[in-house]
Amino acid sequence: PIADAVEGITHSLCTLEFEDHRPLYDWVAERIVKAGLVPTQPRQIEFSRLNLKYTVLSKRKLIQLVEDAHVSGWDDPRMPTISGFCRWGVPP
């Protein structure tokens, strides 16, 4: 939390295995704000992993699809990337 606060990070996103660490994260963040070391306290948010079935997720295989021109690029709606999902109509 100290590095997050010093670097100006407002929201720390992490997977659910860090959920048990949040009380310590919040405690340290509160103390450094009270001490006047940083202006604002970062917030930690946990999320679960998105489990896509029947989808190629290997970075090596996705690169091959792009390089072999099987898809138009990383933002192709068929690609399991954030830019691909945006082109598919999912808001960022």
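What share of the 92 residues in the protein do buried residues make up? Buried residues make up 21% of them, where buried means under 20% relative accessible area, exposed over 50% and partly exposed in between, with a 1.4 Å probe and protein chains only.

The model is predicted, so local features need pLDDT of at least 70 and side-chain atom pairs count only at pLDDT 80 or more, while totals for chains, interfaces and linings use all residues. Residues are numbered from 1 along each chain as its sequence is written, and side-chain values use heavy atoms, with hydrogens and water left out.

**Overall form**

The protein has four helices and two strands, in the order α-β-α-β-α-α from the N terminus. Helices (H or I, at least four residues) and strands (E, at least two) are DSSP runs numbered from the N terminus. The radius of gyration is 19 Å, well over the 12 Å that the globule rule gives for 92 residues, so the protein is more spread out than a compact globule. This radius is taken over C-alpha atoms, and the globule rule is 2.2 Å times the number of residues to the power 0.38. The C-alpha trace spans about 55 × 25 × 25 Å along its principal axes.

**The two strands**

Strands β1 (residues 11–15) and β2 pair in the parallel sense over five bridges; pairing requires at least two bridges found by DSSP. Between them the chain passes through helix α2 (residues 22–34), in a right-handed β-α-β crossover. Right-handed means that, with the strands pointing away from the viewer, the path from the first strand over the helix to the second runs clockwise.

**Aspartate in a loop**

D76 lies in the loop between α3 (59–67) and α4 (82–88). A polar atom of the D76 side chain is 3.0 Å from the backbone nitrogen of S72; a polar contact is a pair of N or O atoms within 3.5 Å, one able to donate a hydrogen and the other to accept it, and residues adjacent in sequence count only if both atoms are side-chain atoms.

| Residue | Relative accessibility | Class |
|---|---|---|
| D76 | 4% | buried |
| F85 | 22% | partly exposed |
| W88 | 61% | exposed |

F85 and W88 both lie in helix α4, three residues apart, about one turn of the helix.
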